[in-house]
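I opened my notebook and looked up a few things in this chain. Here is what I wrote down as I went.

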Amino acid sequence: MTATGGAYRPVHPVPKEARPTVTTAIDDATDIGRRLIAGDERALADAYREWSSLVYSLALRSLGDASDAEDVTQKVFVKAWQSRERYDPARAAVPAWLVGITRNTIADTHAARARERAIADQVSAVTLDDPHPAAEAGLAERLLIADELAKLDPEPQKVVRLAFFDDLTHTQIAERLDMPIGTVKSHIKRSLTRLRSRLEVSHGAAL
């Protein structure tokens, strides 16, 4: 990742004999924090080099998915850059500040997953492809979902069906369709937002 974005690339740990002393590390973190506040893009690159592995490890441990952990890592450093003027070195060192941003970003990702799963469960429950639909899924709602799915362009429709009817992961869909995983996620997000809006309008349920 550069100062303005890009794919996450794990940073290999520095050999033990080459690691700085604790005092030097603290001084380096202080310098990076000072330069970040001043808007020095090189400071963001330095912060990424120093602590991206920490952020990635925390995200991977919580989310259990390498792709999501990569997304979180990128988002954390983008958020750090965007909120650099609010960073207070008197309250936290840069690594601790980044860990705080990481925890919030991980929580947002878990919440997004829950929303996506809730909508997906509802879509799966009312699909006309199911010969034995759930009792609570009324015909009108099933027709509504089928109509919305039919309105999707062929590519996102295929992605949604693989995700929620075949229960494939984002990575599996990307491999099967030879499609970037970011594109898979975008198709799913946009499609579920559209379906959610229609469902909420139809029966006023807040997911």
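I started with W97 and asked: buried or exposed? Its relative accessibility is 15%, so W97 counts as buried.

Next I searched the whole structure for aromatic pairs and got 2. In one of them, the rings of Y48 and F77 have centres 5.1 Å apart and planes at 70°, so I wrote down "edge-to-face". The cut-off I needed for that is over 60 degrees. Y48 sits in helix α2 and F77 in helix α3 (residues 66–82), so this pair ties together parts 29 residues apart in sequence. Both of these residues, Y48 and F77, are buried.

W97 turned up in a pair with Y87, and this one is tilted: 4.6 Å from centre to centre, with 35° between the planes.

**Helix α2.** Then I turned to α2. How far apart are its end C-alpha atoms? They are only 29 Å apart for 23 residues, short of the 33 Å that a straight helix would reach at 1.5 Å a residue. I looked for a bend and found one of about 55° at W51.

I also listed buried residues in α2, among them A43, A47, Y48, W51, V55 and A59.

What follows α2? It is G64, with a positive phi near 70°.

**D40, at the start of α2.** D40 is in the loop between α1 (22–37) and α2. D40 caps the N-terminal end of α2, with a side-chain oxygen 2.9 Å from the backbone nitrogen of R42. At 18% relative accessibility, D40 counts as buried, because the cut-off is under 20%. Which residues does D40 touch, not counting those up to four places away in sequence? I found R35 and W81.

At 22% relative accessibility, H170 counts as partly exposed. Leaving aside neighbours within four places in sequence, H170 is in contact with E116, I181, V184, K185 and I188. I also noted H170 and G182: they are 12 residues apart in sequence, and their C-alpha atoms are 8.9 Å apart in space.

D178 lies in the loop between α7 (170–177) and α8 (181–203). Its phi is near 50°, a positive value in a residue other than glycine. D178 counts as exposed, at 71% relative accessibility.

Last, I checked the confidence. The mean pLDDT of the chain is 78, and 70% of its residues reach 70 or more. Over residues 133–137, pLDDT stays under 50, and the model has 6 contacts beyond four places in sequence for them. My reminder: where pLDDT is low, the predicted coordinates should not be read in detail.

Key. Residues numbered from 1 in each chain as written. Predicted model: local features only at pLDDT ≥ 70, side-chain atom pairs only at ≥ 80, totals over all residues. Heavy atoms only, no water. pLDDT = per-residue confidence, 0-100. Contact = heavy atoms within 4.5 Å. Helix = DSSP H or I, 4+ residues; strand = E, 2+ residues; numbered from the N terminus. Expected span 1.5 Å × (residues − 1). Bend = angle between axes of the 7 residues up to and from the residue. Buried < 20%, exposed > 50% of the residue type's maximum accessible area, 1.4 Å probe, protein only. Polar contact = N/O pair within 3.5 Å; in protein donor to acceptor, adjacent residues only side chain to side chain. Phe/Tyr/Trp six-rings, centres within 6.5 Å; stacked < 30°, edge-to-face > 60°.
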